[in-house]
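Open the structure in your viewer and keep the selection tool at hand. The stops below say what to select and what is there.

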Amino acid sequence: MLIMYSKCIGHKNASLTSSTNDSTPHTANPIDKDKSASLPSSTNYSSSILIHNEKDKLLGGLLASGFDEVSCISRLQSHTFRKVSPHKPSQYLISKLRDYEELHGKCGPDTRAYKRNLKHLQSKKYIGAAMCKYIVWDPSNGLGNQMISIVSAFLYAILTHRVLLVRFGTDLNDLFCEPFLNSTWVLPKNTPFWNERRVETYQTMLKKDKANSNPKEALPSTLFLNLQHTLDDPEKLFHCDHSQDLLRNIPLLILQSDQYFVPSLFMNPSFNLEINKMFPEKDTIFHHLARYLFHPSNEAWGLISRFYQTYLAEADERIGLQIRVFSPNTTPMQAIMDLVLNCTISNKLLPELDTKNSVSYSPNKTLKAVLVASLYPEYGESLMAMYLDRPSISGELIGVYQPSHEEKQKFHDNMHNMKAWTEMYLLSLSDVLVTTSLSTFGYVAQGLGGLKPWLLYKLISNDTHFPACERDFSFEPCNHIPPKHYCNGKAIKDYASSFPILRECIDYSNGVKLVNDSTI
Ligand code: GDP
């Protein structure tokens with residue numbers, strides 16, 4: 001009997017947009033800006049969703065109880081969409097998180113302490129031991145870069161007893177729920193620091209420090225800490241005790257970074273001790289902290305949960321395919337498509353086509369759902385057409401779904417970010433993940449999902465590459481610009497010999513990432 005199965009209704013891609021143009025195969029999915037659309041009931045899930053208990057709901061104690069569940073439905077429901085993580089948070093991490101929440105509750109916006117501290121901070125002079133110290137995270141670059149740097153800033157805040165506040169513009173509005181009980185992490189727009197750009201910088205502080213025998217005298221109350229991605233900057237020495245001793249005395253740090261700088265924190269001996277206690281499994285730092293911080297808002301959760309239940313939940317296996325094209329002008333679509341197929345077919349993530357028969361006689365009717373995330377519609381379209389035109393040799397049925405195709409990265413656009421966040425999250429719900437080398441968008445998905453991805457080679461021309469992809473050894477994000485010098489100024493030649501839990505990243509040999517002790 002002839003069976004050719006695709007769940008794409010009317011041969012159209014599932015879409016997060018509400019295009020009505022019939023010439024494009026991207027159908028409207030009624031999940032566009034419908035903020036009031038009903039959210040799924042947690043009792044009515046498909047068979048592929050596992051039975052979970054109350055402990056799973058709080059992710060093994062990672063999350064605090066006591067939240068108003070209606071204002072953040074994902075916090076209540078997300079565990080029912082995921083397999084239970086085999087990685088449990090340590091008791092020490094849990095206690096550090098509870099301590100942090102207490103600090104945030106005491107010093108966060110809307111507290112008396114916050115108002116009092118603001119007054120002091122405006123005096124712009126070093127004010128001695130402050131009651132509350134802050135780190136304001138300032139956005140730069142795309143959403144993936146922003147999320148990996150928020151996680152790094154949060155770990156730094158925990159380690160240095162600072163309160164983390166995030167400067168979210170309108171483009172980041174309503175993407176995430178508030179992570180801390182009875183408080184907000186959003187920097188209020190009316191603070192004098194919202195547009196603060198003329199504060200002293202970390203770089204000038206280091207220079208002054210060299211020239212000054214009594215550095216505390218010269219310390220400002222607010223400092224701009226630029227850990228931004230640059231290849232040719234002088235060494236920032238942020239990982240050194242001496243820098244941390246100076247920074248410790250500054251009540252407000254405004255941090256700009258697009259990096260996952262957790263590996264640099266590991267290079268500092270006193271942070272290293274604490275992080276080791278918090279994370280006995282070194283490669284789970286992003287996994288735990290991202291699951292703690294980033295809960296999709298109700299609007300984002302509506303998009304995620306409807307898409308998941310409509311297209312992905314019933315599949316026997318879900319494959320996430322993130323196709324990031326870094327040089328669209330020089331890399332033809334076919335070169336990328338060949339790379340994707342080489343990777344997925346040679347590693348048996350997707351089946352080969354049966355070129356001899358037009359029907360499949362195999363009794364295997366396993367259904368695989370492929371979620372394609374890309375700025376360009378062609379990838380989802382051609383993969384879908386491929387598996388509609390011919391049966392697979394294995395008999396497996398392949399459904400292909402691409403939620404959006406934004407064509408280009410857009411800045412200051414809330415709905416664009418909402419779609420990006422939705423897709424990162426959907427990718428993280430996959431059983432198998434294929435991402436593009438160097439993409440922080442992919443790093444967020446792999447970290448949230450606890451998935452070691454297949455890393456597609458980053459093509460930048462009409463070329464081929466063998467192997468087309470390689471399996472990563474850890475689901476931690478890669479730190480693309482780690483410190484290049486020890487604190488005594490000597491160049492670091494080999495990270496692994498000095499820092500045994502650091503390894504060169506597979507997708508970028510100048511970068512480093514954390515590995516678990518057991519893999520060393
Ligand atoms: P990176 O540049 O790949 O490291 O990832 P970033 O997330 O930092 O920046 C890329 C940005 O481009 C994303 O945040 C999105 O705004 C957009 N983008 C790139 N790829 C996709 C995609 O597959 N889907 C969607 N919706 N947006 C994407």
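**Helices and cores**

Begin with helix 3 and helix 10, whose crossing is right-handed. This is a predicted model. The two helices pack at an angle of about 35°, and their axes lie 13 Å apart. To see where they meet, select Leu93, Leu97, Arg98 and Glu101 in helix 3, then His288, Leu289 and Tyr292 in helix 10.

Next, select helix 9, residues 269-278. Which of its residues are buried? They are Phe271, Ile275 and Met278. These residues sit on the same side of helix 9, because they cover an arc of only 55° around the axis. An α-helix has 3.6 residues a turn, so residues three or four places apart point the same way. On the face turned away from the buried side, look for Pro269 and Leu273, which are exposed. Helix 3 (91-107) and helix 10 (285-293) are among the elements that cover the buried residues of helix 9, and so are helix 5, helix 7 (241-248) and helix 8 (262-266).

Now select Ile285. Apart from neighbours within four places in sequence, Ile285 is in contact with Leu155, Tyr260, Val262, Phe266, Ile275, Phe279, Glu476 and Leu514.

Ile285 also belongs to the largest nonpolar core, which has 117 residues; Ile285 is one of those with the most contacts inside it, along with Phe154, Leu155, Leu164, Phe294 and Trp421. Helix 5 (residues 143-160) gives the most to this core, with 12 residues. Domain 1 (1-35 + 279-289 + 315-520) and domain 2 (91-278) each supply at least three residues to this core.

For the last stop, select Ile323, Val325, Leu350 and Leu383, which are included in a second, separate core of 32 residues.

Methods: Residues are numbered from 1 along each chain as its sequence is written. This is a predicted model: local features need pLDDT of at least 70, side-chain atom pairs count only at pLDDT 80 or more; totals for chains, interfaces and linings use all residues. Side-chain values use heavy atoms; hydrogens and water are left out. A nonpolar core is a set of buried Ala, Val, Leu, Ile, Met, Phe, Trp, Tyr and Cys residues joined through side-chain atoms within 4.5 Å. Buried means under 20% relative accessible area, exposed over 50%, partly exposed in between (1.4 Å probe, protein chains only). Helices (H or I, at least four residues) and strands (E, at least two) are DSSP runs, numbered from the N terminus. Domain bounds come from an automatic or database domain assignment. Contact means heavy atoms within 4.5 Å. The arc is that of the directions from the helix axis to the C-beta atoms. Axes are lines fitted to C-alpha atoms, for helices over the stretch in contact, and angles run from 0 to 180 degrees between N-to-C directions. A crossing is left-handed if the near helix is turned anticlockwise from the far one by less than a right angle, and right-handed if clockwise.
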